[in-house]
Amino acid sequence: LTDEFSCLNSAYDENNSIFNGGFCLSMKKDSLNTEKTGISDYSSAGPGAGAFDSKVYAVFFYPANQEYDWQIFLSGYDVGTCSMKGLYIDNVSKTIKAIEDKPLQDGDYLTVTVTGYLNKAAVKSVNVDLVRNDSMKRTVITKWTEVDLSSLGFVDALKFTVETNRADFPLSFCIDNLTASVHIEY
């Protein structure tokens, strides 16, 4: 997921061949695994792999151990701006399996916070409840869901954080179709 302007960052230890967090690409479709055995760390919870039947999507593992999880590189241009539009998000299959094994209790949650940065300063954040069970609402995302990031405004980096109250929930989620509006001039 890189181009000449942007990149998704990951923490990979080449010496030990260990993925330590951040983003990796996946094509896993564990929803076809009706036995719910051997569920992969890298699979989306929805009926297909990626959003809109795409074959490849990104899986995020927290903590990423990187300053930023997504960056856009606008240096070298006379004018360069980036405003976020949105993304699609889904739980990983292991979260849904954890709920099947131990049903939700009042107060259970799994929340992703997307924070936009501009020139190393936090601009604004958007919270997404992947799981929320309280007296006001019950949310369990099991399909690709659109997230509006336009309120972040102009950014040059994003940081994703994941919080939960349950030890059996993986601190990971899937994203697809990350979109932004980029304006550059030479």
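Guide: Asp69 is buried, with a relative accessible area of 0%, where buried means under 20% relative accessible area, exposed over 50% and partly exposed in between, with a 1.4 Å probe and protein chains only. This is a predicted model, in which local features need pLDDT of at least 70 and side-chain atom pairs count only at pLDDT 80 or more, while totals for chains, interfaces and linings use all residues. Residues are numbered from 1 along each chain as its sequence is written, and side-chain values use heavy atoms, with hydrogens and water left out.

The partner of Asp69 is Lys159, and the closest N and O atoms of this salt bridge are 3.6 Å apart; the term requires a side-chain nitrogen of Lys or Arg within 4 Å of a carboxyl oxygen of Asp or Glu. Asp69 lies in the loop between S4 and S5 and Lys159 in strand S11 (residues 157-164), so the pair ties together parts that are 90 residues apart in sequence. Strands (E, at least two residues) and helices (H or I, at least four) are DSSP runs, numbered from the N terminus. Lys159 also counts as buried, at 18% relative accessibility.

Glu67 belongs to the loop between S4 and strand S5 (70-72), and Lys120 to the loop between S7 and strand S8 (121-133), so parts that are 53 residues apart in sequence are tied together by the pair. Here Glu67 counts as exposed at 51% relative accessibility, and Lys120 is exposed as well, with a relative accessible area of 61%. By the rule already given, the count comes to seven salt bridges.

S4 runs antiparallel to strand S12 (residues 172-185), and four bridges join the two, where pairing of strands asks for at least two DSSP bridges between them. Within this pairing, Phe61 stands opposite Ser172 in S12.

Phe60 belongs to one aromatic cluster together with Phe23, Phe160 and Phe173. Rings of Phe, Tyr and Trp (its six-membered ring) pair if their centres lie within 6.5 Å, with planes under 30 degrees apart counted as stacked, over 60 as edge-to-face and the rest as tilted; the count by this rule comes to eight aromatic pairs.

As for the setting, the protein chain has one helix and 12 strands, and buried residues make up 46% of its 186 residues. Among contacts (heavy atoms within 4.5 Å) between residues at least 6 apart in sequence, 75% join residues at least 24 apart.
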